[in-house]
Amino acid sequence: IGDWSSDVCSSDLRSLSSDGKTFTFTPSSSLESSKLYAAKVSAQVKDSTGRCQDLEYRWSFTTAGVQPPTSTSCNNNLAIGSVSASGNDGNIPSNIVDGNLNTRWSNDDIGSFITADLGNTKNICSVNIAWFDGDERMYVFAIATSNDGNLFTTKFAKLSSGTTLNSEKYSILPTDARYVRVTVYGNTLNTWASMTELDVFG
C-alpha cells in the first residue's frame, strides 16, 4: 500500500522513529477489514532525529476484522405483541410472556415450535429463554427469524446449559426481523418442548 524511496536523503519524510522500529503513515485510501497489506520504506529516508537511513524497510500487516457489538449494547427488551405455537398440552403459548417462571408453554413433539410476533420489524441481537426444569435437562433447539412469518432463517442452534431455571441469553448477529421462532427437538430426558419465559432483545 506504500512505497517511499529517494536517490538522496529526503527531508520530507520524518515519521520513521530513531530506532527504526516505528513508521507512521496515512494510507491513500481506506483499508479493508481482515486483509493482508505490504509496505516498504526505501533507504535514504530521514528518521525523526534527522539521520539518514541506510537500510530498506519492508513489513506486512493484517487489518482487524469487523466485530459484532458486545452484549452490553444489547439491552433493549423488545415488546412482544403476540405468541403462537405448533401445539400445546394445556400450558398455552402466552404463558412465556407473563413474567412468571411458574407458568409455561409445553408440547410433546419433536420439532415443536413457538413464535413471537414483535408487531413490526425490529433489530434483534439476542433471545433469552427460561426452560422448564432447565436445571435438570438440556434442550436441543434452534432460533430463527422472519420478516413475513412464513420464510424463517436459522440464526442459532444449540443445547441449553441444563444448569439453571433462570433465563439464558442466546446472542445472535444483529438482524432485522418481525418474527422470532424457537424450535425444540426434545431434550436429554424426553421429547417435550417446554419453556417458562421468552424475551427478545435489540
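Colleague: Which residues does Thr-196 touch, not counting residues up to four places away in sequence?

Modeller: This is a predicted model: local features need pLDDT of at least 70, side-chain atom pairs count only at pLDDT 80 or more, and totals for chains, interfaces and linings use all residues. Residues are numbered from 1 along each chain as its sequence is written, and side-chain values use heavy atoms, with hydrogens and water left out. Contact means heavy atoms within 4.5 Å. With that rule, Thr-196 touches Asn-95, Ile-96, Asn-100, Leu-101, Thr-103, Arg-104, Ala-130, Trp-131 and Phe-132.

Colleague: Which element holds Thr-196?

Modeller: Elements are DSSP runs, numbered from the N terminus: helices (H or I) have at least four residues, strands (E) at least two. By this numbering, Thr-196 lies in strand E11.

Colleague: How many helices and strands are there in the protein chain?

Modeller: Read the elements from the N terminus on, and the order is β-β-β-β-β-β-β-β-β-β-β. The count for the protein chain is zero helices and eleven strands.

Colleague: Where is Ile-96 found?

Modeller: Ile-96 has 1% relative accessibility, so Ile-96 counts as buried. Its place is the loop between strand E5 (82–85) and strand E6 (105–108).

Colleague: Which residues is Ile-96 in contact with, leaving aside its neighbours within four places in sequence?

Modeller: Thr-196 has Ile-96 among its contacts. Now take the view from Ile-96. The list is Val-83, Trp-105, Ile-114, Met-195, Thr-196, Glu-197 and Leu-198.

Colleague: Which residues of the largest nonpolar core touch the most other members?

Modeller: A nonpolar core is a set of buried Ala, Val, Leu, Ile, Met, Phe, Trp, Tyr and Cys residues joined through side-chain atoms within 4.5 Å. The largest one has 25 residues. Those touching the most other members are Ile-129, Trp-131, Phe-141, Val-182, Met-195 and Leu-198.

Colleague: Which element gives the largest share of this core?

Modeller: E7, E8, strand E10 (168–187) and strand E11 (192–201) each supply at least two residues of this core. The largest share is seven residues, and it comes from E7.

Colleague: How many aromatic pairs does the structure hold?

Modeller: Rings of Phe, Tyr and Trp (its six-membered ring) pair if their centres lie within 6.5 Å. Planes under 30 degrees apart count as stacked, over 60 as edge-to-face and the rest as tilted. The number of aromatic pairs in the structure is five.

Colleague: Is the pair of Trp-131 and Phe-141 stacked, edge-to-face or tilted?

Modeller: Trp-131 is in strand E7 and Phe-141 in strand E8, ten residues apart. Their rings are 5.1 Å centre to centre. With 55 degrees between the planes, the pair is tilted.

Colleague: Are the two partners, Trp-131 and Phe-141, buried or exposed?

Modeller: Trp-131 has 1% relative accessibility, so Trp-131 counts as buried. Phe-141 has 2% relative accessibility, so Phe-141 too counts as buried.

Colleague: How far apart in sequence are the parts that Phe-156 and Tyr-170 tie together?

Modeller: The ring centres of Phe-156 and Tyr-170 are 5.4 Å apart and the planes are at 45 degrees, so this pair is tilted. Phe-156 lies in strand E9 and Tyr-170 in strand E10, so the pair ties together parts with a sequence separation of 14 residues.

Colleague: Which residues form one aromatic cluster?

Modeller: Phe-141 is in contact with several residues, including Trp-131, Phe-156 and Tyr-170. Tyr-170 has a relative accessible area of 4%, so Tyr-170 is buried. The cluster is Trp-131, Tyr-139, Phe-141, Phe-156 and Tyr-170.

Colleague: Is Asp-133 buried, exposed or partly exposed?

Modeller: Check the accessibility against the classes. The value for Asp-133 is 21%, so Asp-133 counts as partly exposed.

Methods
Buried < 20%, exposed > 50% of the residue type's maximum accessible area, 1.4 Å probe, protein only.
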